[in-house]
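Student: I am new to this structure and would like to walk through it with you. Could we look at it together?

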Amino acid sequence: KVSALRSFFKWAHNKRQYISLDPTSELESPKIPKRQPKYLTLEDSRNLLQQVHPSQDEFASRNYCILTLFLNCGLRLAELCSIDVEDLNLKEKTLRVIGKGGKERTIYLNQACIAAIDNYLPERPKQAKERKALFISRQGNRLARTSVQRMIHKYLSQASIDPSKYSTHKLRHTAATLMYQYGDVDIRMLQQIL
């Protein structure tokens, strides 16, 4: 509102000279408080991972791997969905992802990620239509973003975490916060990781 008033009176005073004095020249802009990003606690993160039950879900190893990568690597949804098998280097414990603006970055995988990937790869469909894709859907295609979002929503609900307040992007905030709080990662390193 303040911005609209300033623009109007600036136009009326400077451009058209309808008024001799701009009444908004001393008007201060209100300070809009910055909201802290939402993230899951370490306990909430563990609880979320515990919602994946192999006996109840035929894609449990895939879904657990996805959740583990989100919570440990700070991936964006698009980055996760675009991972190809060849992007993994399990010997060097790295994952290559293409981020925003086509920027490539290397993510170093911790033991939890390696274990989740090792558990998933033998169960990954071999006759998939999308042979390069790491995460495969029931139809044999690359797993779609909406499918990942639905899956995350389901597990959040099961963990009694409000899915309207948390999303795949909030899992990125969670990974960053947990790395900072528990991983001895400083802010500069965190910026490079993300």
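Student: In which helix does Thr68 lie?

Tutor: Welcome! This is a predicted model, where local features need pLDDT of at least 70, side-chain atom pairs count only at pLDDT 80 or more, and totals for chains, interfaces and linings use all residues. Residues are numbered from 1 along each chain as its sequence is written, and side-chain values use heavy atoms, with hydrogens and water left out. Helices (DSSP runs of H or I, at least four residues) and strands (runs of E, at least two) are numbered from the N terminus, and the helix that holds Thr68 is α3.

Student: Does Thr68 count as buried or exposed?

Tutor: Buried means under 20% relative accessible area, exposed over 50%, and partly exposed in between, with a 1.4 Å probe and protein chains only. Thr68 has 2% relative accessibility, so it counts as buried.

Student: How is α3 oriented relative to α5?

Tutor: Axes are lines fitted to C-alpha atoms, for helices over the stretch in contact, and angles run from 0 to 180 degrees between N-to-C directions. The axes of α3 (residues 60-73) and α5 (residues 111-120) come within 9 Å and cross at roughly 160°. Angles under 35 degrees count as roughly parallel, over 145 as roughly antiparallel, 65 to 115 as roughly perpendicular and the rest as oblique. Therefore α3 is, relative to α5, roughly antiparallel.

Student: How do the residues of the contact of α3 with α5 divide into nonpolar, polar and charged?

Tutor: The contact includes Tyr64, Thr68 and Leu69 of α3, and Ala112, Ala116 and Ile117 of α5. Ala, Val, Leu, Ile, Met, Phe, Trp, Tyr, Cys and Pro count as nonpolar, Asp, Glu, Lys and Arg as charged, and the others, Gly among them, as polar. For the contact of α3 with α5, this gives nine nonpolar, four polar and one charged.

Student: How does α2 lie relative to α7?

Tutor: The axes of α2 and α7 (residues 168-182) are 10 Å apart, and the two helices pack at an angle of about 125°. That angle makes α2, relative to α7, oblique.

Student: Which residues in α2 meet α7?

Tutor: On the α7 side, the residues are Leu171, Thr174, Leu178 and Tyr182. Across from them, the α2 residues are Leu42, Ser45 and Leu48.

Student: What is the order of the strands in the open sheet?

Tutor: Two strands pair if DSSP finds at least two bridges between them. Two bridges pair β1 with β2, and five bridges join β2 to β3. The three strands, with antiparallel pairing, have the order β1-β2-β3.

Student: Why is one side of β1 and of β3 left without a neighbour in the sheet?

Tutor: β1 (88-89) and β3 (104-108) each have a single partner strand. One side of each is left without a neighbour because both stand at the edges.

Student: Which residue takes a positive phi in the hairpin of β2 and β3?

Tutor: This hairpin has five residues between the strands. The phi in question is near 70°, and the residue is Gly101.

Key
Contact = heavy atoms within 4.5 Å.
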